[in-house]
Amino acid sequence: MPRLTEFAFEPGLVAAVDQHAAAVRDALVPGPRAELRREDLADYVLGFTDVLTENGWREPVGYDFAAVRLTAVCWLVREHDLLSR
């Protein structure tokens, strides 16, 4: 979530996160009117971070694919208020 505060200073980050969020949502939500479910997003994150761990990924100072994808997941959690459900 700390990277979300950087949105105000990084317009390119906003665009990249938006694209990644759309890709994650499209992968997890079957139709245009279906809701993003917390359980599905949690499963996605667990699988994604398992692969990152297996590959020895460490969060970079800047942004790589994984950092932007994880930031997009955090944005989806916040925007869909998935922590309060």
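A42 is partly exposed in the predicted model, with a relative accessible area of 36%. This alanine is placed in helix α2, a segment that comprises residues 38–54. Between A42 and V77 the sequence separation is 35 residues, whereas the C-alpha atoms of the two lie 9.7 Å apart in space. V77 is one of the α3 residues that take part in the contact with α2.

The overall architecture provides the setting for this pair. The protein contains 3 helices and 0 strands, and the order of its elements from the N terminus is α-α-α. Helix α1 covers residues 11–28, helix α2 residues 38–54 and helix α3 residues 65–79. Along the principal axes, the C-alpha trace extends over about 35 × 35 × 20 Å. The radius of gyration is 13 Å, which agrees with the value near 12 Å that would apply to a compact globule of 85 residues. Buried positions account for 27% of the 85 residues. When contacts between residues at least 6 apart in sequence are considered, 63% of them join residues at least 24 apart.

Packing of helices was examined next. Two packed helices are described by the angle between their axes and by the distance between those axes. For α2 and α3, the angle is about 160° and the axes are 12 Å apart. Because angles over 145 degrees count as roughly antiparallel, α2 and α3 are assigned to that class. The crossing of α2 past α3 is left-handed. On the α2 side, the contact is formed by L41, Y44, V45, F48, T49 and L52; on the α3 side, the partners are F65, A66, R69, L70, V73, L76 and V77. By class, the residues of this contact comprise 11 nonpolar, 1 polar and 1 charged.

Helix α1 meets α3 in another arrangement. The axes of α1 and α3 come within 8 Å and cross at roughly 70°. With this angle, α1 is roughly perpendicular to α3, since the range from 65 to 115 degrees defines that class. The α1 residues in the contact are A16, V17, H20, A21, A23 and V24, and they meet F65, V68, R69, T71, A72, W75 and L76 of α3. The contact of α1 with α3 divides into 10 nonpolar, 2 polar and 1 charged residues. F65, R69 and L76 of α3 are listed in the contact with α1 and also in the contact with α2.

Residues up to four places away in sequence being left out, H20 touches F65, V68, R69 and A72.

Beyond the helices, attention turned to D81, in the segment after α3. The phi angle of D81 is near 50°, a positive value in a residue other than glycine. The relative accessibility of D81 is 46%, and the residue is accordingly classed as partly exposed.

Definitions and conventions: Residues are numbered from 1 along each chain as its sequence is written. This is a predicted model: local features need pLDDT of at least 70, side-chain atom pairs count only at pLDDT 80 or more; totals for chains, interfaces and linings use all residues. Side-chain values use heavy atoms; hydrogens and water are left out. Axes are lines fitted to C-alpha atoms, for helices over the stretch in contact, and angles run from 0 to 180 degrees between N-to-C directions. Helices (H or I, at least four residues) and strands (E, at least two) are DSSP runs, numbered from the N terminus. Angles under 35 degrees count as roughly parallel, over 145 as roughly antiparallel, 65 to 115 as roughly perpendicular and the rest as oblique. A crossing is left-handed if the near helix is turned anticlockwise from the far one by less than a right angle, and right-handed if clockwise. Contact means heavy atoms within 4.5 Å. Ala, Val, Leu, Ile, Met, Phe, Trp, Tyr, Cys and Pro count as nonpolar, Asp, Glu, Lys and Arg as charged, and the others, Gly among them, as polar. The radius of gyration is taken over C-alpha atoms; the globule rule is 2.2 Å times the number of residues to the power 0.38. Buried means under 20% relative accessible area, exposed over 50%, partly exposed in between (1.4 Å probe, protein chains only).
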